[in-house]
Amino acid sequence: MTTTATQGSRGGPESQAPRGHASPGAALAVLPHVLRTALAWTDAHRGEFALPDDVLDPRTQVNATLKPLGELAQLCSTVRAATAPGTPEHEVAGDLVTYAWDEVAQGALLLELLRAEPFAAYPYEIYAAFAGYGLRHEGFEALARPLTATRAWAHTEQHANRQLGLINSERRVGVLTHTDAGAVLSRTWLGGLAEPWTFEGPSGYALTHTVFHLTDWGRMPDRVPEKTDAYLRTWLPAWADGCLESGQWDLTGELLAVGASLPGPPPLELLDAVWPVLADVQHTTGCVPETGVPVHEDAPTGVRGHDDAPDPYPFIDCYHSTLVTAFAAALSLRSLTDGSGPSRERHTP
């Protein structure tokens, strides 16, 4: 991975990652605050996820409208699943999923999208995020069922990690998957156990999403094959170190989520070394930038947040990394807390 040294979050490079060592329990010391404040920022900015009136217009940019909302639903549904009922984090995450469901008119808007683009994957994948949470729309599934049984659906050309995402969506909706996940995994960068020094931004995001789709966003860690688990445990620390050095905070959060999605004991040294650094990058408002030198002073005039508090970054530059931080924090807390994780029976993907 090509890295570029960045300034430390409070000054010089020495305040970056604790390189080569970790303090036992350091992750648990910061994770509750990181999770709580990241969710609070997201909740305060829920209006930024609202869909525009022209969302069904073919000229509307999906990546700026439906994609953020789908990410809100997906990551907050996982946060809710990973947190204890009755806790503020559990309740806020659930409220945000409900908000996103209301934005898609309880599934009716996704049905309109499916009618307009019957073989596009994104309406189905967004719907699956809700279906996995227990929110269903009968009309959507009635139309999707025959579409997903076609040869055209099964042979849509896409990257292997994206195909894993479609397989996981089919599992969530409860239909027969169009192909075998294990065969698809073998065609991914991660499944092929690529040379670790070839890790860079695109391959990094490909591998994190391979794990997310394979494990149903951290909910089923035992779908990770043993050789993949061993490979990740060996190389995640080096990759995370490179991301910290180059200020890739969003990808750092995704790697932490991957570490917390592995079967068996959590990778303690990784979590204890990296979480304090990401916690220091997090702004006092709760948001986390995607990349670059973190802001720890007041934002420029005119950029305001919840209750007129200064917002240090434009929404588009921090919403995803903030959601990822909350998602990774919830999974990390679950993995570090005895008895809160899922079953550890080994499954073949």
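Okay, let's start with the rings: the count comes to 15 aromatic pairs in this structure. Keep in mind that this is a predicted model.

Take one of those pairs, Trp-189 with Phe-199. How do these two rings sit, then? They are edge-to-face, 6.5 Å centre to centre, with 65° between the planes. Both residues sit in the loop between helix H9 (181–185) and helix H10 (201–214), and they are 10 residues apart. Buried or exposed, what about Phe-199? Phe-199 has a relative accessible area of 1%, so it counts as buried.

Next pair: Tyr-231 and Trp-239. Their ring centres are 5.7 Å apart and the planes are at 65°, so this pair is edge-to-face too. Here Tyr-231 and Trp-239 are both buried.

There's also an aromatic cluster to look at on the screen, made up of Trp-41, Phe-49, Phe-315 and Tyr-319.

Now, helices. We describe two packed helices by the angle between their axes and the distance between the axes. For H13 (residues 268–281) and H14 (residues 319–336), the axes come within 12 Å and cross at roughly 145°. The crossing of H13 past H14 is left-handed. Who makes the contact? From H13 you get Leu-268, Leu-271, Trp-275 and Leu-278, and H14 brings Thr-325, Ala-328, Ala-329, Ser-332, Ser-335 and Leu-336. If you sort the residues of that contact, seven are nonpolar, three are polar and none is charged.

You'll find it in the loop between helix H1 (26–44) and helix H2 (66–82). Why do I call Thr-65 buried? Because its relative accessibility is 10%, and the cut-off for buried is under 20%. Setting aside neighbours within four places in sequence, Thr-65 touches Leu-51, Pro-52, Val-55 and Thr-60.

Last thing, confidence. Mean pLDDT for the protein is 89, and 87% of its residues reach 70 or more.

Definitions and conventions:
Residues numbered from 1 in each chain as written. Predicted model: local features only at pLDDT ≥ 70, side-chain atom pairs only at ≥ 80, totals over all residues. Heavy atoms only, no water. Helix = DSSP H or I, 4+ residues; strand = E, 2+ residues; numbered from the N terminus. Buried < 20%, exposed > 50% of the residue type's maximum accessible area, 1.4 Å probe, protein only. Contact = heavy atoms within 4.5 Å. Axes fitted to C-alpha atoms, helices over the stretch in contact; angles between N-to-C directions. Left-handed = near helix turned anticlockwise from the far one by under 90°. Nonpolar A, V, L, I, M, F, W, Y, C, P; charged D, E, K, R; others polar. Phe/Tyr/Trp six-rings, centres within 6.5 Å; stacked < 30°, edge-to-face > 60°. pLDDT = per-residue confidence, 0-100.
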